[in-house]
Amino acid sequence: MKRIAILGSTGSIGRQTLEVIANHPVDFAVEVLTARSNYKLLIEQAARFLPATVVITDHSHLEKVKTALSGLPITVGGGQEALEQAVTGDRVDMVLAAMVGFAGLIPVIQAIKAGKQIALANKETLVVAGELVTRLASENKVDLLPVDSEHSAIFQCLMGEQHAEVDKIYITASGGPFRNLDIKALEKVTFHDALKHPTWNMGAKITIDSASLMNKGLEVIEARWLFNLRHEQIDVIVHPQSIVHSLVQFCDGSLKAQLGLPDMRLPILYAMSYPQRLNGLFPKFNFTDYPCLTFEAPDPVRFPNLAIALEAMRIGGNMPCIMNAANEIAVEAFLSDRLGFYGMTKIIEKTLQKATFLPVAGLSEYIESDREARSIASSFV
Ligand code: NAD
Ligand code: MG
């Protein structure tokens, strides 16, 4: 049995992880649950799954969680320090990182240093500090098991293959809710429109990133580090049905793809059960429901964020970290109606120009760059 610590258990990935665990009570147990502020759901989850430890990082809700769980054999903690302690605890076998944004970086690094297996949904961790995180993982003999569906697909396609024989990978993108809109229409879309994703039901931040294609940019950077590839080995292809989750092309021209319904419980289950496969208790793919799978090139003119992310990756150093921070601020502002769709792009571009560029960075530099870029981006909003 694997004992799992879930960072961000009240979010979209966190809730689906608990569903998977509930379906496989012999294989997995919940050791730690953490959330930022949704104390009501956190209390409900804790009462049902009885983890050893629960952490709420927003201190203002700590007493409510303590009182509600007082009769149960659960240790309740509050704040960042309690979170870091919980993920490094002796009884934890695997940390499923499903927090959103930069906030996931430090707990993931702590967990890696403590030798925990990592199931990684929090792609921002690798966008910000991919070089550092992958190096620490290899030094500590920790597997970084991808939860992101595209990366899970590539990971599965690479099983039994030689790294030197990989020619390139194709990361598929749904194209989001605005795939067919022209620039004039895109200038007027609101966050309500952006939150209506055609194929995936996800948290707010990643849903906005999907609408702007920034999510694909983040995923290219994530893939570059996870699979140790050169920039020119990664391509993005729009596939609106979200059935082919990604593909690997080998040196002989052969392509391998992984397919399935757009259901995050599948890559979550694979990351947790790896190297085994367990029975998936969710609906399975039916060919007659999908008589036609289509592919098209992404449009860099209508969706400039993808190109911005690729350029930040090419420049390297702390550029992706700056870009990620600016994007988090821009998405937050778009979600509260303080910015338009292309306003997000402008904020990111201006922040990239103004923030201090460092060709080489370590953890303290990333923390400082994130802080500086957030402050610059906020001033532009
Ligand atoms: P979400 O917003 O639904 O949930 C985020 C979770 O993180 C919540 O439990 C929240 O309490 C916690 N959290 C947020 N900020 C925190 C902080 N500062 N400190 C501590 N906890 C904090 O997000 P989500 O859609 O589940 O996505 C989580 C991560 O997984 C993101 O990095 C996203 O890009 C990635 N991802 C999500 C999906 C999906 O289908 N939702 C798919 C692929 C990858
Ligand atoms: Mg994805």
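Author: Let's start with Lys-123, which is buried at a relative accessible area of 5% (buried means under 20%, exposed over 50% and partly exposed in between, using a 1.4 Å probe and protein chains only). Keep in mind that this is a predicted model, where local features need pLDDT of at least 70, side-chain atom pairs count only at pLDDT 80 or more, and totals for chains, interfaces and linings use all residues. Residues are numbered from 1 along each chain as its sequence is written, chains are lettered from A and ligands numbered from 1 in the order written, and side-chain values use heavy atoms, leaving out hydrogens and water.

So who does Lys-123 pair up with? Its salt-bridge partner is Glu-219, with the closest N and O atoms 2.8 Å apart (a salt bridge puts a side-chain nitrogen of Lys or Arg within 4 Å of a carboxyl oxygen of Asp or Glu). Lys-123 sits in the loop between strand 6 (117–120) and helix 6 (124–139), while Glu-219 belongs to helix 11 (residues 214–226), so the pair ties together parts 96 residues apart in sequence. Those helices (H or I, at least four residues) and strands (E, at least two) are DSSP runs numbered from the N terminus.

Glu-219 is buried too, at 1% relative accessibility. It also forms a salt bridge with Lys-216, and there the closest N and O atoms are 2.6 Å apart. Lys-216 and Glu-219 are three residues apart in helix 11, so about one helical turn separates them. Both of these residues are buried. Through shared partners, salt bridges link Lys-123, Asp-148, Glu-150, Lys-216 and Glu-219 into one network.
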